[in-house]
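Please consult the sequence and the coordinates alongside the text.

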Amino acid sequence: MSNPRNLTSNLFFFIFTFLTILYVAYTFPRLQPKQTNLVFYVHDHFTGDDSTATTVAGKSGPASNILHFGTVAIVDDPVTEGPSIESTLIGRAQGMYINSQLDGKGLYMVFSVIFTDGEFKGSSLEIQGSDIFAMKEREFGVVSGTGYFRFVKGYGIMQTEFMDIANLRATLKLSVTVKHY
């Protein structure tokens, strides 16, 4: 048979513990995420002495054109503060594009923006999404990050600042908004 004093003590203990946990949960300061807004430019050059991208696979093998469905390209593009290639270099965009649209007008992109200079030196953002380059603005996801951008999530808007289809050269403006701790 149970002792009524033990039941009362146990009940008091459980109520006290529950109330303590509630108090701590609602009064303990919560870490609020920071929001960072960035604008930078990616210079994508498939041709010339300063080429930064190349196709590695496709219907015609490595010689395939990135504008054809099924072509895979690898990039190591300079990232600058301004639209000119001569503006301050702040990093590299390294990853790949896959032409994933039957008419050849859309790319699936996945790449890292690795900051090599400036405020975010040593940090990176992982970008993923669709690039239907005939559209004026395209939205993409920021799915991960390192360094300053640990635990990041966000999005970006890509705009074409310059495009030379004949020579496969483009300058892309990326406006990125991320939340991180």
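Predicted model: local features only at pLDDT ≥ 70, side-chain atom pairs only at ≥ 80, totals over all residues.

Phe120 belongs to one aromatic cluster together with Phe40, Phe115, Tyr148 and Phe149. Across the whole structure, a search finds nine aromatic pairs. One of them joins Phe115 to Phe149 in a tilted arrangement, with 6.0 Å from centre to centre and 40° between the planes. The two partners of this pair come from distant parts of the chain: Phe115 belongs to strand β5, Phe149 to the loop between β7 and β8 (153–164), and 34 residues separate them. Phe115 is buried at 4% relative accessibility, and Phe149 is likewise buried, with a relative accessible area of 0%.

Phe149 also pairs with Phe120, again in a tilted geometry, the ring centres being 5.0 Å apart and the planes 45° apart. This second pair also links distant parts of the chain, since Phe120 is in the loop between β5 and β6 and Phe149 in the loop between β7 and β8, 29 residues apart.

## The nonpolar core

Which residues of the largest nonpolar core touch the most other members? They are Phe40, Tyr97, Phe115, Leu125, Leu174 and Val176, in a core of 32 residues. Two or more residues of this core are supplied by each of the strands β1 (34–45), β3 (72–80), β4 (89–99), β5 (107–115), β6 (124–131), β7 (137–146) and β9 (169–180).

Phe40 belongs both to this core and to the aromatic cluster. Leaving aside residues up to four places away in sequence, Phe40 touches Val79, Thr80, Ile90, Val113, Phe115, Leu172, Lys173, Leu174 and Val176. Three of these contacts, Phe115, Leu174 and Val176, are themselves named among the core residues that touch the most other members.

## Salt bridges

The structure holds three salt bridges. In one of them, Arg169 pairs with Asp50, and the closest N and O atoms are 2.9 Å apart. Arg169 is buried at a relative accessible area of 19%, whereas Asp50 is partly exposed at 39%.

A further salt bridge brings together the side chains of Asp76 and Arg92, with an N to O distance of 3.0 Å. Because Asp76 lies in strand β3 and Arg92 in strand β4, this pair ties together parts that are 16 residues apart in sequence. Both are partly exposed, Asp76 at 32% relative accessibility and Arg92 at 23%. The side chains of Arg138 and Asp131 also meet in a salt bridge, at 2.8 Å from N to O. Arg138 is buried, with a relative accessible area of 4%, and Asp131 is buried with a value of 4% as well.

Leu11, Ile15, Phe18, Leu19, Leu22 and Tyr26 make a nonpolar surface patch of about 650 Å². Ile15 is placed in helix α1 (residues 4–27). Is Ile15 buried, partly exposed or exposed? Ile15 counts as partly exposed because its relative accessibility is 45%.

## Loop residues

Phe151 is found in the loop between β7 and β8 and is exposed, with 67% relative accessibility. Leu168, in the loop between β8 and β9, is instead buried at 18% relative accessibility.

Pro29 occupies the loop between α1 and β1 and is exposed, its relative accessibility being 64%. From C-alpha to C-alpha, Pro29 and Glu81 are 36 Å apart in space, and they are 52 residues apart in sequence.

Key
Residues numbered from 1 in each chain as written. Heavy atoms only, no water. Patch = residues over 30% accessible without salt bridge, like charges linked within 9 Å, V, L, I, M, F, W, Y side chains within 5 Å. Areas by Shrake-Rupley, 256 points an atom, 1.4 Å probe, with all protein chains shown as cover. Salt bridge = Lys/Arg side-chain N within 4 Å of Asp/Glu carboxyl O. Helix = DSSP H or I, 4+ residues; strand = E, 2+ residues; numbered from the N terminus. Buried < 20%, exposed > 50% of the residue type's maximum accessible area, 1.4 Å probe, protein only. Core = buried A, V, L, I, M, F, W, Y, C linked by side-chain atoms within 4.5 Å. Contact = heavy atoms within 4.5 Å. Phe/Tyr/Trp six-rings, centres within 6.5 Å; stacked < 30°, edge-to-face > 60°.
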